[in-house]
Amino acid sequence: MPSSFKTVRLPHILVALLLLLMQLPATTMARIKLITLPVRERVEIQLDNATATLVEEERIVPLVKGENQVDFSWANTQIDPETIVFRVIAPADAKNQLDVRVLSVSYPPNEAALVWSVGSSDSGSARVRISYLLGNLGKSFNYRAVASNDESTLNLSQYMRLQNFANEEFGNTGLYAGFGKEFLKPIGLNETKEMLVGRFPQVPVRKTYTCDPQEFGYIDQPQNKLRVPMHYVLKNDKADKLGAAPLPYGKVRIFIAGREKEQSTTFLGEDWGKFTPIDDEMKLYLGVAQDIVVKRIIEKNENHRVAGNLSNQEVVVKFEIENFKEQAVTLDVTEGLRFLRNEVRGDSGRDVEWELGKLTTLDAADADKSTFDRLVFHVKLPARDKQGKAEKVVRKLHLILKNEW
Amino acid sequence: MLRLRHTIFCVLLPMVGSLRTATARNVDLSTVPRRNTVQLTIYNSEDLTLVRETRIVTFRKGNNPLQFSWANTLIDPTSVELRFLTSAEKLEVLDTTFPHDKPQMLYWNIGSEIDGEATVEITYFTSGITWAADYLCVADKAEKQLGFEGFVRVTNNSGEEYENAQVRLVVGTINLVEKIAQLAKLPESEVLNLRKNQLLSYREQVVKEAATAPAPAADAPATQPPAEKKIIKEGLSEYFIYTIEGTETIPNGWSKRMRSLEGQTVPFKIQYRYRPQQYGEQLVRLYLLTNDKDSKLGTSPLPDGMVRVFRDNGRNGLSFLTAQPTKYIPIGDKIELNLGPDPEVVFELIKRRAFRDDIWEQVNGANIFRRVDDGAAKVEVNATVVGWNDHEVFDQRIRNYSANPIDVEIRRTFSGHITFRSALKPVLHDFQTVELHTTADAGGKAVLIYELVSHQGRNSRQNNVTLEDAELKP
């Protein structure tokens, strides 16, 4: 590595300009070299690509009239040499308008380096920007949410975590995730830096209770009791004070505020928030709601022959639901029809053709959330009474599975 | 600095008797004619380079032995040829000998009718010199125009340094029946490991050469900087040849990248495509441009190579979009750059309904078929379903949260006997692939409803897709 006047550690990425001493005898050139080391004037790290990190650095390079050799080398860093782009931005001195061109690039063997041959119309300084993809410098996102005590809203904070294992340090560096604000931070070696990208106060949150034997199974199968997970659901739209950009995948830690302002927050749980496009919902699993008991019983299963081996299957699923909570809640009852058919007659591999029977006592399925073979119903459950007794709410789903064989 | 590794020797011996007699001696005296010119024609479709070099050799009347050797290089010995560019009518190759005990060497026995100089041309194939194209594209912030630059990168791992060589690059695919590297019978890895210390000395050489170059006059006015070498492109048979202006010296182990296509501002379009067989199960965003004169390109085919695409991010910097290999692009053909999925565009396929009809049963053991889904057939215990139609109704939903309207193309391939029902004015891309086009405004949505009817069992009589107009309710 070339010597430097500085006493500090040399960076792993180095731009060196070989100043060509015209008057020295050629025989001495092999050992005596004068090299200037243009420092970074500006660095930006672009994190807007999902899989690649682009580093852009600007340096002011002194050039002599004619051809110059600009040497770019790196050690112990994962620069992709194929992605290095050298661009002349503007002369450092606005009065001295140099015409600077890259003539060619040479790649020495067995070295992490390249040599630009740069032609300059005159002696002077040029501001150049060197861009390259750098490995081991990545980002991830995480969220911290504090729910209001009544669990109607969340104060959501979005953080970007930058992990620098690229074996290179950067001074004040512009960082941009592709959305939100731009940061200017120094990034040290092996440093992890977490930055607040956005703060979203009073985001409405919907608390849901869901039973779905296909997805969540039973909490007590011998007693036909379904598991009832509780979720917080955020909608990434402007009406819900979000919706500026998709929410990236990341861990969400959820706390709940105390009843009084002075009381500290309590950790409720955490979940991975999936990538959530605008207008979509982020559903965060917080735990099992043990105070809502749902018994699912297949009450009827009859085969009605149509002709030959073709038949219709009549199925009635009964849900007995009790809410032992102090508050009235809404339960989402989900029934996967393929799963149900598999329970009553095995899987034929064909799509389920179905119609609702007259014995159904559930309200109409939620058209937005239901698909052709997965039905979602909402059931309102009253709070337990003052004696602590819960009303047993009974709903039936009557289905005719048609044209089966 | 590297020394030439393959040389031609004039063996100055009294040519009494045969060549065998001359070469059998233990004491030799020889002169080494230097290379006068060298031209490299490098093929990128095969590991093949045609080397054409000239040297000036002094002959005397009678037999003149010439030794040609190429130790530690990747030259195909069967390809070495000698011809005379001057005094050709008075010089003749009498015989060529490949000595069994000295691989990578041959002797020519030259019959001369003159005493004096002649220019000889030696041609041969070598491997280890390759070239590759690559492209750098920078889109403007509005994504209307693309800065498009092309480069060629020549890499020399041949084991030999060809000084001041004229370099020609061949774009196209040639046929070889044997690999040159095999013919050279020297593993390339050995060549790569040759004389590393010498290779590393090139840096000093670069400095030295520049230092000994004439210094610019101190009082010279600001003028144009040294010009980049031009690359001249011309068609030849099925190929295109790029000739690099002037000469180049690329030391062994080094590679050098030069601009082959000046930076152009090329207009382009953006299209979103869903083609699962080509791009996977995702809607991808593409830049579409054309290698033609309207697009300020079209001066030559674009050789296959890596394309790197950036975009001006509007904050005085670039965003990296993609790097992808591209195939050879003839003049007039399209260049398609796949930027991958766009997080601002949501693409969902929702199956809304499924049902069956036109169900037919066959009475067991008899050649009797009855339709049973229309309620007309009686219950027949000994009958089996043998034909039916599966109906599936889909919503293809597209949500565009980007700042611009988008143009979307969807191709879906179906196997079996399919009727595709919709009011979407689809076209058939091929017998089993349906192509749909739609647009979605900035911040807008598009919902495409279609129904697939899959004819199954005895109802299946074709293996293709039929399009049918149908108004389907949302």
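Biologist: Over residues 20-31 of chain A, where does pLDDT stay, and how many contacts beyond four places in sequence does the model have for them?

Modeller: This is a predicted model. Over residues 20-31 of chain A, pLDDT stays under 50. The model has 18 contacts beyond four places in sequence for that stretch.

Biologist: What is the average pLDDT of chain A?

Modeller: Chain A has an average pLDDT of 89, and 91% of its residues score at least 70. Over residues 1-10 of chain A, however, the pLDDT is below 50, and this stretch has six contacts in the model beyond near neighbours in sequence.

Biologist: And what does chain B average?

Modeller: The average pLDDT of chain B is 84, with 83% of the residues scoring at least 70. Residues 1-5 of chain B have a pLDDT below 50, with 11 contacts beyond near neighbours in sequence. Under 50 is also where pLDDT stays over residues 13-24 of chain B, and the model has 12 contacts beyond four places in sequence for them.

Biologist: What are the ipTM and pTM scores?

Modeller: The model has an ipTM of 0.86 and a pTM of 0.84.

Biologist: Turning to the fold, in what order do the five strands of the open sheet in chain A come?

Modeller: The order in chain A is β21-β18-β15-β24-β26, and the pairing is mixed. At the edges are β21 (281-288) and β26 (374-381) of chain A, each of which pairs on one side only. On average, neighbouring strands of this sheet are turned by 30° against each other, direction ignored.

Biologist: Which helix packs on that sheet?

Modeller: Helix α1 of chain A, residues 337-345, packs there and touches β24 and β26 of chain A. The direction of the helix makes about 60° with that of β24(A).

Biologist: In what sense do β15 and β24 of chain A pair, parallel or antiparallel?

Modeller: Strand β15 (residues 206-211) and strand β24 (residues 329-336) of chain A pair in the parallel sense, over three bridges. Within β24(A), L331(A) stands opposite Y209(A).

Biologist: What holds paired strands together in general?

Modeller: Strands of a sheet pair through backbone hydrogen bonds, in either a parallel or an antiparallel manner.

Biologist: Now chain B. How many helices and strands does its secondary structure come to?

Modeller: Chain B has six helices and 30 strands. Of its 474 residues, 34% are buried. Among the contacts in chain B with a separation of 6 or more, 73% are between residues 24 or more positions apart.

Biologist: What is the strand order in the open sheet of six strands in chain B?

Modeller: The order is β21-β18-β17-β25-β28-β27 in chain B, with mixed pairing. The edges are taken by β21 and β27 (427-430) of chain B; each has a single partner strand, so one side of each is left without a neighbour in the sheet. From one strand to the next, the twist averages 35°.

Biologist: How many bridges join β17 to β25 in chain B?

Modeller: Three bridges join strand β17 (residues 269-274) to strand β25 (residues 406-413) of chain B, and the two run parallel. The bridge partner of R273(B) in β25(B) is E409(B).

Biologist: Does K327(B) count as buried or exposed, and why?

Modeller: K327(B) counts as exposed because it has 12 C-beta neighbours inside 10 Å, and the cut-off for exposed is 12 or fewer.

Biologist: What separates the C-alpha atoms of K327(B) and I270(B)?

Modeller: A separation of 20 Å lies between those C-alpha atoms, and the residues are 57 apart along the chain.

Terms used:
Residues numbered from 1 in each chain as written. Chains lettered and ligands numbered in written order. Predicted model: local features only at pLDDT ≥ 70, side-chain atom pairs only at ≥ 80, totals over all residues. pLDDT = per-residue confidence, 0-100. Contact = placed C-beta atoms within 7 Å. Pairing = 2+ DSSP bridges. Helix = DSSP H or I, 4+ residues; strand = E, 2+ residues; numbered from the N terminus. Axes fitted to C-alpha atoms, helices over the stretch in contact; angles between N-to-C directions. Buried ≥ 20, exposed ≤ 12 C-beta atoms within 10 Å, placed from the backbone.
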